[in-house]
Amino acid sequence: MKKIFTKGILLLALSAMFYLGFCFVINKVQISGKRVACWFNPFFQRKGGQEYRIVRDWQPEKNYDIVVLGSSHAYRGYDPREFENAGASLYAAGSGFQNTLATYVLANNVFKPKNDPLIIVDLFDQTFTDDGMGSFTRLIENLPDDHSAWQLVSRQPDIRSFNSYMCRLFSKNIAPEVPDEPGYLRDGYCPKPDTMTVLPPAMSGDKKFNEKFIQYLDRLLDYFDNNKIRYVLVSHPQPKVDGYDVFHEQFRNKISSVISQHKAQYLDYNSNHDLDNFKHFADANHLNQAGVSLFNQRLIADMRANGLRD
C-alpha cells in the first residue's frame with residue numbers, strides 16, 4: 001500500500017513538472033507571430049486589445065461620476081464626451097461579452113473608485129445565454145493582478161480557464177501582442193463607425209439562460225446594496241428584428257425576481273427606442289456614433305428624471 005501511495009505521489013509530481021514545463025514552452029515559442037498557447041486554446045486571447053486597455057487607462061484616484069460595466073455595449077455605447085457635455089465624467093469599463101460573474105469580479109477587485117460614483121450595469125440579454133469562457137479567458141490574461149484573475153477561475157472552475165491562468169503566469173513580462181480595438185478613443189470608449197446595411201437575421205426563441213449568471217446578478221446587486229453603492233441597470237438599444245422582442249421578454253422574466261428583490265431601477269431601451277436600423281446601428285448588436293449620441297442624450301435625460309443625476 002505504501003509503495004502504491006509513493007508511486008502515486010511520484011506520478012503526480014512528474015505530471016505537474018511536465019504540465020509546468022509544457023506551459024513554459026508554449027508561452028515562449030511562437031508560430032506565425034502567436035504564442036503556441038494561443039493555438040492550443042481557441043478561447044484564449046493574446047495580451048492586449050480592449051481588456052488590456054480598460055485596466056491600463058483606469059485611474060482609481062480620479063473622481064469619476066459614472067462607471068459603466070458590461071459587455072461591448074458598455075464600451076461602444078456610452079460616450080464620455082456626451083456625459084461631459086452634461087456635466088459628468090464617465091469611464092466605460094466594458095469588455096467583450098462580459099457576463100455578470102465577470103462584472104462581479106471587476107466591481108469587487110478592479111474598478112473601485114474612491115468617490116461615490118453611479119454604476120451603470122449594462123445588461124445585454126445574450127450574455128446570459130453563453131458559458132462565459134471567451135469573456136473569462138480574455139480578462140484572465142489582461143487583468144492587472146493575479147488575485148483578480150484567479151477570482152474568475154475559482155468562481156467558474158474549468159480546465160480552459162485554469163489553463164489560461166497558467167499561461168498568464170508564464171507571460172507576465174511580455175508586451176501587448178495585439179493593438180487596441182480600431183477607433184479606440186479614451187476612458188474605455190471605442191465607437192464603431194460603420195453603418196449597418198443588411199438587416200440581422202430573426203432571433204431564435206430556443207436559447208437557454210445560464211442560471212449561474214442570473215445568480216451573479218443577484219450577488220452583484222447584493223454587493224452594491226451592502227456597500228451603499230449607487231447603481232442603475234440599463235439595457236442598450238438593439239436593432240428591431242423579428243423575434244427579438246419575444247427573446248428579450250423571456251430575459252426580463254428571468255431577472256424580474258432579482259430586480260424586484262433589490263428594488264433596482266432598470267432602464268430598458270432594448271426595443272423601446274425610435275432609432276433606425278440603417279442610420280443608427282453599426283451592426284447586429286452595436287450603435288454607431290449617431291446612435292450612441294441619441295441614446296446617451298435620452299439616457300442622461302431619463303437619469304435626471306429618475307433622480308440618478310442632478
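Biologist: Let's start with Leu-221: buried or exposed?
Modeller: Buried, with a relative accessible area of 0%. Keep in mind that this is a predicted model.

Biologist: Okay, and which helix is Leu-221 found in?
Modeller: Leu-221 sits in helix α10.

Biologist: What does Leu-221 touch, leaving out residues up to four places away in sequence?
Modeller: Tyr-231, Leu-233, Val-258, His-262 and Ala-264. Two of those names come back in strand β6, where Tyr-231 and Leu-233 point one way.

Biologist: Tell me about β6 then. How many of the residues of strand β6 are buried?
Modeller: Five of the five, residues 231–235, so β6 is largely enclosed by the rest of the structure.

Biologist: Which residues point which way from β6?
Modeller: Tyr-231, Leu-233 and Ser-235 point one way, while Val-232 and Val-234 point the other way. In a regular strand, side chains alternate between the two faces of the sheet.

Biologist: And which strands are joined to β6 by bridges?
Modeller: Strand β5 (residues 118–122) pairs with β6 in the parallel sense over four bridges. Ile-119 stands opposite Tyr-231 there. Strand β7 (residues 266–268) is joined to β6 by three bridges, and that pair also runs parallel. In that pairing, Val-234 stands opposite Leu-267.

Biologist: Back to α10. At what angle do α6 and α10 cross?
Modeller: Roughly 25°, with the axes of α6 (residues 100–109) and α10 (residues 211–226) coming within 8 Å. Angles under 35 degrees count as roughly parallel, and α6 and α10 are therefore roughly parallel to each other. The crossing is left-handed.

Biologist: Which residues make the contact?
Modeller: From α6, they include Leu-101, Tyr-104 and Ala-107, and from α10, Phe-213, Leu-217 and Tyr-223 are among them. By class, the contact of α6 with α10 has nine nonpolar, three polar and two charged residues.

Biologist: New topic: where do α3 and α7 stand, at what angle do they cross?
Modeller: The axes of α3 (residues 49–57) and α7 (residues 133–142) cross at roughly 45° and come within 8 Å. That makes α3 oblique to α7. This crossing is right-handed.

Biologist: Which residues meet there?
Modeller: Glu-51, Tyr-52, Val-55 and Arg-56 in α3 meet Arg-138, Leu-139 and Asn-142 in α7. They divide into three nonpolar, one polar and three charged.

Biologist: Last one: what separates the C-alpha atoms of Leu-221 and Ala-301?
Modeller: A distance of 24 Å, with the two residues 80 apart along the chain.

Terms used
Residues are numbered from 1 along each chain as its sequence is written. This is a predicted model: local features need pLDDT of at least 70, side-chain atom pairs count only at pLDDT 80 or more; totals for chains, interfaces and linings use all residues. Side-chain values use heavy atoms; hydrogens and water are left out. Axes are lines fitted to C-alpha atoms, for helices over the stretch in contact, and angles run from 0 to 180 degrees between N-to-C directions. Helices (H or I, at least four residues) and strands (E, at least two) are DSSP runs, numbered from the N terminus. Angles under 35 degrees count as roughly parallel, over 145 as roughly antiparallel, 65 to 115 as roughly perpendicular and the rest as oblique. A crossing is left-handed if the near helix is turned anticlockwise from the far one by less than a right angle, and right-handed if clockwise. Contact means heavy atoms within 4.5 Å. Ala, Val, Leu, Ile, Met, Phe, Trp, Tyr, Cys and Pro count as nonpolar, Asp, Glu, Lys and Arg as charged, and the others, Gly among them, as polar. Buried means under 20% relative accessible area, exposed over 50%, partly exposed in between (1.4 Å probe, protein chains only). Two strands pair if DSSP finds at least two bridges between them.
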